[in-house]
Amino acid sequence: MRKKLALLALATAAVTVVTAATSASADNRIIKGAYVYYDPARNMFGIGDTEADGRTAYLEVSVNGGPRQTFGNHNGSGTWRDVYSNETGIRDGNTLAWRAKVGGGATSSWVYEQA
């Protein structure tokens, strides 16, 4: 029951964050085990782990066609991690390619947008 409540809280927080993002370019990817979103107003990503499967939820991002960077939420099911521009190097005007991944599992399609 606690895991279901934690997952419900995570889903509610994700919907709130995405709804609160004001830019039309705000996007998200939801796959089995992970929820990743980008908030262009803050040049920030969120990574949620949505399955109690022992696998890590990841964000994979490339800035301006540079090398792919991978950021994981290693905190387990029902948890969230924010990844800010000081970690990714994202600045306003940058071109982004990003997606959600699960270790040993699903991978979302790529999202392409301007920061």
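The model is predicted, and local features are taken only where pLDDT is at least 70, with side-chain atom pairs counted only at pLDDT 80 or more, whereas totals for chains, interfaces and linings use all residues. Residues are numbered from 1 along each chain as its sequence is written, and side-chain values rest on heavy atoms, with hydrogens and water left out.

**Overall make-up**

The chain holds two helices and eight strands, where helices are DSSP runs of H or I with at least four residues and strands are DSSP runs of E with at least two, numbered from the N terminus. Read from the N terminus, the order of these elements is α-β-β-β-β-β-β-α-β-β. Of the 115 residues in the chain, 38% are buried; buried stands for under 20% relative accessible area, exposed for over 50%, and partly exposed for values in between, with a 1.4 Å probe and protein chains only. The chain exposes about 6100 Å², and carbon and sulfur atoms supply 53% of that area, as computed by the Shrake-Rupley method with a 1.4 Å probe. A contact means heavy atoms within 4.5 Å, and among the contacts between residues at least 6 apart in sequence, 53% join residues at least 24 apart.

**Confidence**

The predictor's confidence in each residue is given as pLDDT, from 0 to 100. Its mean over the chain is 84, and 77% of the residues reach 70 or more. Over residues 4–9 the pLDDT stays under 50, and the model has two contacts beyond four places in sequence for them. Residues 13–24 are also below 50 in pLDDT, and this stretch has nine contacts beyond near neighbours in sequence. Where pLDDT is low, the predicted coordinates should not be read in detail.

**The four-stranded sheet**

Four strands form an open sheet in the order β1-β2-β3-β6, with antiparallel pairing; two strands count as paired if DSSP finds at least two bridges between them. At the edges lie β1 (27–31) and β6, each of which pairs on one side only. Neighbouring strands of this sheet are turned by 10° against each other on average, direction ignored, where the axes are lines fitted to C-alpha atoms, for helices over the stretch in contact, and angles run from 0 to 180 degrees between N-to-C directions.

Strands β1 and β2 run antiparallel and are joined by five bridges. Across this pairing, I31 stands opposite A34, and N28 stands opposite Y37. The two strands form a hairpin with two residues between them, and G33 in the turn has a positive phi of about 100°. On its other pairing, β2 is joined to the antiparallel strand β3 (residues 44–49) by six bridges, with V36 opposite I47. The hairpin of β2 and β3 has four residues between the strands, and N43 takes a positive phi near 45° there.

Why is β2 described as largely enclosed by the rest of the structure? The description applies because six of the six residues of β2 are buried. Both faces are covered, with A34, V36 and Y38 buried on one side and Y35, Y37 and D39 buried on the other.

**Aromatic pairs**

The whole structure has five aromatic pairs, for which rings of Phe, Tyr and Trp (its six-membered ring) must have centres within 6.5 Å; planes under 30 degrees apart count as stacked, over 60 as edge-to-face and the rest as tilted. Two of the pairs are listed here.

| Pair | Centre to centre | Angle between planes | Class |
|---|---|---|---|
| Y35 and W80 | 5.7 Å | 40° | tilted |
| Y38 and F45 | 4.8 Å | 40° | tilted |

Y35 counts as buried at 9% relative accessibility, whereas W80 counts as partly exposed at 25%. Ring pairs also link Y35, Y37 and W80 into a cluster. In the other listed pair, Y38 is buried at 1% relative accessibility and F45 is buried at 0%.

**Helix α2**

N86 is found in helix α2 (residues 85–88) and counts as exposed because its relative accessibility is 66%. N86 and M44 are 42 residues apart in sequence, and their C-alpha atoms are 9.3 Å apart in space.
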